Amino acid sequence: MIESILKNRKETVFRVLSIILSSIFFAHIPLLLFLIYMGHHGFFSYDFFSDGLFGLKVFFFLTSIFVLITSLAIFWWIIPLVEKWTKGTFKLWPFIGIVLFNLLFLLIVVVLIRKNGDYFRVAYILAIGFFVSVHIAFLIHAKPSDQFRSLIAVIFIITFMSLHLREQASSVLAIGLKSYAVGGGIEVVLKPKLKQNNNLVGNLLLTSPKHIYIKLDNTEGISTIDRSKVDVIQIKQSR
């Protein structure tokens with residue numbers, strides 16, 4: 001009996017540890033995307049990570065929630081299959097309901113893809129969602145040892161895939177930056193505080209607490225501008 005209690009306690013500790021490590025990894029997926037985004041565009045913002053911690057954490061949290069919700073909305077059906085594989089239990093009708101729900105959401109995604117044509121970006125998001133859903137299923141139903149193996153595999157696959165699909169990974173992060181109007185390639189007009197200087201027009205890559213990273217029109221490379229010298233960042237309206 002004592003051996004059974006110790007065994008269950010040990011398994012519980014490892015299960016909790018697996019969940020904590022998985023949560024840390026999921027929370028840092030946006031950080032991975034940020035580093036790839038900066039590397040893809042050829043710049044790095046030190047002050048964004050040192051001085052913009054609150055905004056960074058909020059962005060990371062929202063991005064992580066988006067990844068989890070999107071994963072389960074399309075790949076929830078994986079969880080009952082893993083339960084059947086690990087525990088031998090399977091409920092047919094709930095599984096059919098889950099599959100129908102996932103198919104409905106997937107149909108919406110397909111319609112949006114046909115409308116916007118972002119095939120590779122959506123494929124990248126779906127791939128991440130698939131592997132995240134598999135790991136969530138393991139966290140719920142598998143043994144702690146299998147959970148750690150799943151975590152190692154997911155970390156390797158998502159990191160490898162993101163590094164080799166840098167353009168798609170960067171475009172995914174750009175969606176969030178555009179939604180907050182702080183980067184992602186949106187067209188902007190920078191109006192300097194010194195009135196004698198001309199306005200600067202280009203594609204905004206990132207706004208950090210101290211600097212503005214922008215691809216100016218008719219210039220090569222990325223320009224870094226001191227944010228204190230800019231009076232207004234005006235977003236150009238698309239026609």
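Predicted model: local features only at pLDDT ≥ 70, side-chain atom pairs only at ≥ 80, totals over all residues.
Residues are numbered from 1 along each chain as its sequence is written, and side-chain values use heavy atoms, with hydrogens and water left out.

**Strands**

- Helices (H or I, at least four residues) and strands (E, at least two) are DSSP runs, numbered from the N terminus.
- Strand 1 (residues 183-192) runs antiparallel to strand 2 (residues 200-207), and six bridges join the pair; two strands pair if DSSP finds at least two bridges between them.
- Within that pairing, Val189 has Val201 of strand 2 as its bridge partner.
- Five bridges link strand 2 to strand 3 (residues 211-216), again in the antiparallel sense.
- Three residues sit between strand 2 and strand 3, and the two strands form a hairpin.

- You will find Ala181 in the loop between helix 9 (166-179) and strand 1.
- Its phi is near 55 degrees, a positive value in a residue other than glycine.
- Most residues other than glycine have a negative phi.
- Ala181 counts as partly exposed because its relative accessibility is 33% (buried means under 20% relative accessible area, exposed over 50%, partly exposed in between, with a 1.4 Å probe and protein chains only).
- Leaving aside residues up to four places away in sequence, Ala181 touches Ile186, Leu204 and Ile235, where contact means heavy atoms within 4.5 Å.
- Between the C-alpha atoms of Ala181 and Leu205, which are 24 residues apart along the chain, the separation is 9.9 Å.

**Asn102 in helix 6**

- Asn102 belongs to helix 6 (residues 92-116).
- With a relative accessible area of 2%, Asn102 is buried.
- A polar atom of the Asn102 side chain lies 3.3 Å from the backbone oxygen of Leu72; a polar contact is a pair of N or O atoms within 3.5 Å, and within protein one must be able to donate a hydrogen and the other to accept it, while residues adjacent in sequence count only if both atoms are side-chain atoms.
- Not counting residues up to four places away in sequence, Asn102 touches Leu72, Ala73, Ile74, Phe75, Trp76 and Trp77.

**Helix packing**

- Helix 5 (residues 78-87) and helix 7 (residues 119-141) have axes that come within 9 Å and cross at roughly 45 degrees; axes are lines fitted to C-alpha atoms, for helices over the stretch in contact, and angles run from 0 to 180 degrees between N-to-C directions.
- That angle makes helix 5 oblique to helix 7 (under 35 degrees counts as roughly parallel, over 145 as roughly antiparallel, 65 to 115 as roughly perpendicular and the rest as oblique).
- Residues making this contact include Val82 and Trp85 of helix 5 and Phe130 and Phe138 of helix 7.
- Buried residues in helix 5 include Ile78, Ile79, Pro80 and Val82.
- After helix 5 comes Gly88, with a positive phi near 80 degrees.
- Helix 2 (residues 29-41) packs against helix 9 at an angle of about 110 degrees, with the axes 8 Å apart, and the two are therefore roughly perpendicular to each other.
- Among the residues that meet there are Phe34 and Tyr37 in helix 2 and Leu173 and Leu177 in helix 9.
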